[in-house]
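Welcome, and please open the model in your viewer. We will walk through it together, one selection at a time.

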Amino acid sequence: MDFQKLTDAVVAGKMEDAVAASKEALEAGLTPQSIISDYLIKGMEIIGARFGEGKAFVPNLLMSARAMKGCLDLLKPMLAGDTSISCGKVVIGTVKGDLHDIGKNLVASMLEGSGFEVVNLGINVDADKFVAAVKEQQPQILCLSALLTTTMNYMKDVIEAVKNSGLRETLKIMVGGAPLNAAFAAQVGADAYTADANECVQVAKSLLGK
């Protein structure tokens, strides 16, 4: 049985339609695992590719991520601790002194929509809070965001703090935000820089060998 309309609903960003189609798929005997991997993630990949080609824009990504999240909210309780569905765990936050939220939240939504478990620490997060979250959550990836040239250098402090806590070897660190580039990421000791939310998902998967 083909539930192409489920993929289409995610691509179109229609949450109600996507959730309704997910319920139909469950009633037809599809497993939550197959609904997520065969239809939902496919939808996010399609909208991500369109975004990369300039055929879709940030509002489209946000709506698709919202549709995906609505379906995940329905399906996740049925997975009953099935960790195989998760691509990995990500801790994400905007660094100290920076109150920008939209870009980071888009990245978080896209990661979640693509199968990652995401812990969003919010804005104005200091190094101690990042380290505490890494200790507690044990993520595979730490994402740092900054939108200001005045705050981006604080990323180095965060990465140093992670190193000093002995946790640097346990995870990959990704950085992003308008004033950053790959050279800056290398300079502060990050594993990767990504320019947008769609690229972030692809790079996160490749860092974890997915």
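This is a predicted model: local features need pLDDT of at least 70, side-chain atom pairs count only at pLDDT 80 or more; totals for chains, interfaces and linings use all residues.

Two strands count as paired when DSSP finds at least two bridges between them.

Stop 1: Select the five strands. They form an open sheet in the order β2-β1-β3-β4-β5, with parallel pairing. Its edges are β2 (116–120) and β5 (192–194), each of which pairs on one side only. Look along the sheet for its twist, which averages 25 degrees from one strand to the next.

**Stop 2: a strand pair.** Now select residues 88–94, which make up strand β1. This strand pairs with β3 in the parallel sense, over five bridges. Which residue stands opposite Ile92 in β3? Show side chains there and you will find Cys143.

**Stop 3: a helix pair.** Two packed helices are described by the angle between their axes and the distance between the axes. Select α3 (residues 32–52) together with α4; their axes come within 10 Å and cross at roughly 170 degrees. Angles over 145 degrees count as roughly antiparallel, and α3 and α4 are therefore roughly antiparallel to each other. To see the contact, show side chains including Ile36, Leu40, Met44 and Phe51 in α3, and Leu61, Met68, Leu72 and Leu75 in α4. By class, this contact has 17 nonpolar, four polar and no charged residues.

**Stop 4: the largest pocket.** How much space lies in the largest pocket? The value is about 350 Å³. Of the 22 residues lining this pocket, select the closest to its centre: Gly103, Val107, Gly177, Asp196 and Ala197. The elements that give two or more residues to the lining are α4 (58–79), α5 (102–113), β3 (141–145), β4 (172–176) and α10 (197–207). Helix α5 supplies the largest share, four residues. Colour the lining by class and you will see 15 nonpolar, five polar and two charged residues.

Methods
Residues are numbered from 1 along each chain as its sequence is written. Side-chain values use heavy atoms; hydrogens and water are left out. On a 1 Å grid over the protein atoms alone, a cavity is a set of points where a 1.4 Å probe fits but cannot get out, and a pocket is an open set with protein on both sides within 12 Å along at least five of seven lines; lining residues have an atom within 4 Å of a point. Grid points are joined across faces, edges and corners, and a volume is the space filled by probe spheres set on the points. Ala, Val, Leu, Ile, Met, Phe, Trp, Tyr, Cys and Pro count as nonpolar, Asp, Glu, Lys and Arg as charged, and the others, Gly among them, as polar. Axes are lines fitted to C-alpha atoms, for helices over the stretch in contact, and angles run from 0 to 180 degrees between N-to-C directions. Angles under 35 degrees count as roughly parallel, over 145 as roughly antiparallel, 65 to 115 as roughly perpendicular and the rest as oblique. Contact means heavy atoms within 4.5 Å.
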